[in-house]
Amino acid sequence: MHDFCFTIPYGLILVAGGVIGYLKKGSTASLGGGVGTGLVLILAGYLSLKAFEKRKNSYLAFVLETVIAAVLTWVMGQRYYQTSKIMPAGIVAGISALMTGFYLYKIATGGNHIPAKAE
């Protein structure tokens with residue numbers, strides 16, 4: 001599976017979560033954090049998709065995706081540890097931990113598999 005197949009939906013989930021957090025609780029931190037990280041992830045997924053269409057890998061996208069997912073794992077994991085609230089801290093920490101592992105796997109295996117050209 002290619003990284004952009006998961007990165008773009010992951011970014012959309014973060015954007016939606018940030019907007020929902022703002023609408024429900026008036027949390028500008030949720031709005032800024034969720035929308036900010038979500039949009040950067042969507043951009044990274046888009047860069048990766050465009051590179052894949054050119055039969056290449058975007059290592060800038062892999063780095064952005066991995067760093068953001070790892071930071072979210074740490075920050076939201078700490079918040080979950082302090083509050084014991086599953087929503088949103090535990091959910092975001094869990095999803096981000098899975099995504100960090102996925103991105104590290106993609107980096108370790110050389111990125112997205114580029115199929116051989118059909119002749």
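Reader: In which hand does H2 pass H3, left or right?

Author: The crossing of H2 with H3 is left-handed. The model is a predicted one.

Reader: What makes H2 and H3 roughly antiparallel?

Author: Their axes lie 8 Å apart and the packing angle is about 150°. Angles over 145 degrees count as roughly antiparallel, so H2 is roughly antiparallel to H3.

Reader: How do H1 and H2 cross, and at what angle?

Author: Helix H1 covers residues 3-25 and helix H2 residues 28-53; their axes come within 7 Å and cross at roughly 165°. With the cut-off for roughly antiparallel at over 145 degrees, H1 and H2 are therefore roughly antiparallel to each other. The crossing of H1 past H2 is left-handed. Sorted by class, this contact holds 16 nonpolar, 11 polar and 1 charged residues.

Reader: Which secondary structure does the protein chain contain, helices or strands?

Author: The protein chain has 4 helices and 0 strands, and the pattern along the sequence reads α-α-α-α. Its C-alpha atoms fill a box of roughly 55 × 25 × 20 Å along the principal axes.

Reader: Where does UniProt place the feature "transmembrane region"?

Author: The unreviewed UniProt entry gives residues 7-23, 29-47, 59-80 and 86-105. Such annotations may be inferred rather than shown by experiment. In the model, residues 29-47 are 100% helix and 0% strand, with end C-alpha atoms 27 Å apart. Residues 59-80 are likewise 100% helix and 0% strand, and there the end C-alpha atoms are 31 Å apart.

Reader: Which residues of the largest nonpolar core touch the most other members?

Author: They are Tyr 10, Leu 14, Leu 41, Leu 72, Met 76, Met 99 and Tyr 103, out of 13 residues in that core. The elements giving two or more residues to this core are H1, helix H3 (59-83) and helix H4 (86-108). H4 gives the most, with 6 residues.

Reader: Why is Arg 55 called partly exposed?

Author: The relative accessible area of Arg 55 is 34%. Buried means under 20% and exposed means over 50%, so at 34% Arg 55 is partly exposed. Arg 55 lies in the loop between H2 and H3, and its phi is positive, about 65°, although Arg 55 is not a glycine.

Reader: Why is Ser 84 called exposed?

Author: Ser 84 has a relative accessible area of 54%. The cut-off for exposed is over 50%, so Ser 84 is exposed. Ser 84 is found in the loop between H3 and H4, and its phi is near 60°, a positive value in a residue other than glycine.

Notes:
Residues are numbered from 1 along each chain as its sequence is written. This is a predicted model: local features need pLDDT of at least 70, side-chain atom pairs count only at pLDDT 80 or more; totals for chains, interfaces and linings use all residues. Side-chain values use heavy atoms; hydrogens and water are left out. Axes are lines fitted to C-alpha atoms, for helices over the stretch in contact, and angles run from 0 to 180 degrees between N-to-C directions. Angles under 35 degrees count as roughly parallel, over 145 as roughly antiparallel, 65 to 115 as roughly perpendicular and the rest as oblique. A crossing is left-handed if the near helix is turned anticlockwise from the far one by less than a right angle, and right-handed if clockwise. Ala, Val, Leu, Ile, Met, Phe, Trp, Tyr, Cys and Pro count as nonpolar, Asp, Glu, Lys and Arg as charged, and the others, Gly among them, as polar. A nonpolar core is a set of buried Ala, Val, Leu, Ile, Met, Phe, Trp, Tyr and Cys residues joined through side-chain atoms within 4.5 Å. Buried means under 20% relative accessible area, exposed over 50%, partly exposed in between (1.4 Å probe, protein chains only).
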